[in-house]
Amino acid sequence: MPTPASFDYAIIRVVPRVERQEFINAGIVLFCLEKRYLAARIHIDEARLNALWPVIDLNLVREHLSAIIRICEADPTAGPIALLSQRERFHWLIAPRSTIIQPSPVHTGLCDNTDDLLDRLAQQLLYT
């Protein structure tokens, strides 16, 4: 039986109007040092986002969110951040920001299977 490993995750939020502090969950970033795992799931509920801010630039939101996936995957097209270690990339992705794309506080726990965990978190926090 595998030994549980510690993990950290943050929810990625789209905050259309920063001054109102309204947001929609749009992604999850999961990091597990012991399993050398860094991955993200992205899901944009465009109807809800348009309801909050009808003039939002959805293409810009999609572009920024897709960069998160590419950074997790160490894709060089994501720029110099993608070339950092997994730990450094995770910390860069979850650093507090006051822009339209913002991470939640970091949450921690223990898991056996990181892929299953990421899928479960995405189901709970993004798709419902």
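I started with Gln-21, which counts as exposed because its relative accessibility is 65%. My cut-offs: buried is under 20% relative accessible area, exposed is over 50%, and partly exposed is in between, with a 1.4 Å probe and protein chains only.

Before going on, I noted that this is a predicted model, where local features need pLDDT of at least 70, side-chain atom pairs count only at pLDDT 80 or more, and totals for chains, interfaces and linings use all residues. Residues are numbered from 1 along each chain as its sequence is written, and side-chain values use heavy atoms, with hydrogens and water left out.

**Entry: positive phi**

I looked up where Gln-21 sits, and it is in the loop between strand 1 and strand 2. Helices (H or I, at least four residues) and strands (E, at least two) are DSSP runs, numbered from the N terminus. Gln-21 is not a glycine, yet its phi is positive, at about 60 degrees. I made a note of this because most residues other than glycine have a negative phi.

Ala-74 went on the list as well, with a positive phi near 60 degrees. I found Ala-74 in the loop between helix 2 and helix 3. Its relative accessible area is 31%, so Ala-74 is partly exposed.

**Entry: the hairpin**

Next I followed strand 2 into strand 3 (residues 37-42); the two pair in the antiparallel sense over six bridges. Pairing of two strands here takes at least two bridges found by DSSP. In what sort of arrangement do strand 2 and strand 3 come together? They form a hairpin with four residues between them, and Arg-36 in the turn has a positive phi of about 50 degrees. Across the pairing, I saw Val-29 opposite Ala-40 in strand 3.

**Entry: aromatic rings**

How many aromatic pairs does the structure hold? I found two. Rings of Phe, Tyr and Trp (its six-membered ring) pair if their centres lie within 6.5 Å; planes under 30 degrees apart count as stacked, over 60 as edge-to-face and the rest as tilted.

Phe-7 and Tyr-9 are stacked, because their ring centres are 6.2 Å apart and their planes lie at 25 degrees. Phe-7 is buried at 6% relative accessibility, and Tyr-9 is buried at 13%.

Phe-31 and Phe-90 are also a stacked pair, with 5.2 Å from centre to centre and 20 degrees between the planes. Phe-31 belongs to strand 2 (residues 24-32) and Phe-90 to helix 3 (residues 86-93), so this pair ties together parts that are 59 residues apart in sequence. Both Phe-31 and Phe-90 are buried.

I then checked for charges over rings (NZ of Lys or CZ of Arg within 6 Å of the ring centre and within 35 degrees of the ring normal). Arg-13 lies over the face of Phe-23, 4.1 Å from the ring centre. Arg-97 lies over the face of Trp-92, at 4.7 Å from the ring centre.

**Entry: helix 3**

Which residues of helix 3 are buried? They are Arg-89, Phe-90 and Leu-93. Their arc around the axis is only 100 degrees, so they sit on the same side of helix 3. The arc is taken from the directions from the helix axis to the C-beta atoms. Among the elements covering these buried residues are strand 1 (5-14), helix 2 (58-72) and strand 4 (101-103).

**Entry: helix 4**

Helix 4 (residues 114-125) has twelve residues and reaches 16 Å from its first C-alpha to its last, close to the 16 Å expected. That expected span is 1.5 Å times one less than the number of residues. Buried in helix 4 are Thr-114, Leu-117, Leu-118, Leu-121 and Ala-122. They fall within an arc of 135 degrees seen down the axis, so they line one face of helix 4. Their cover includes strand 1, strand 2, strand 3 and strand 5 (107-111).

I took a second look at Thr-114, which counts as buried at 7% relative accessibility. Leaving aside neighbours within four places in sequence, Thr-114 is in contact (heavy atoms within 4.5 Å) with Leu-30, Cys-32, Lys-35 and Tyr-37.

**Entry: Pro-4**

I ended at Pro-4, in the segment before strand 1. Pro-4 is partly exposed, with a relative accessible area of 41%. Not counting residues up to four places away in sequence, Pro-4 touches Glu-34, Leu-110, Cys-111 and Asp-112.
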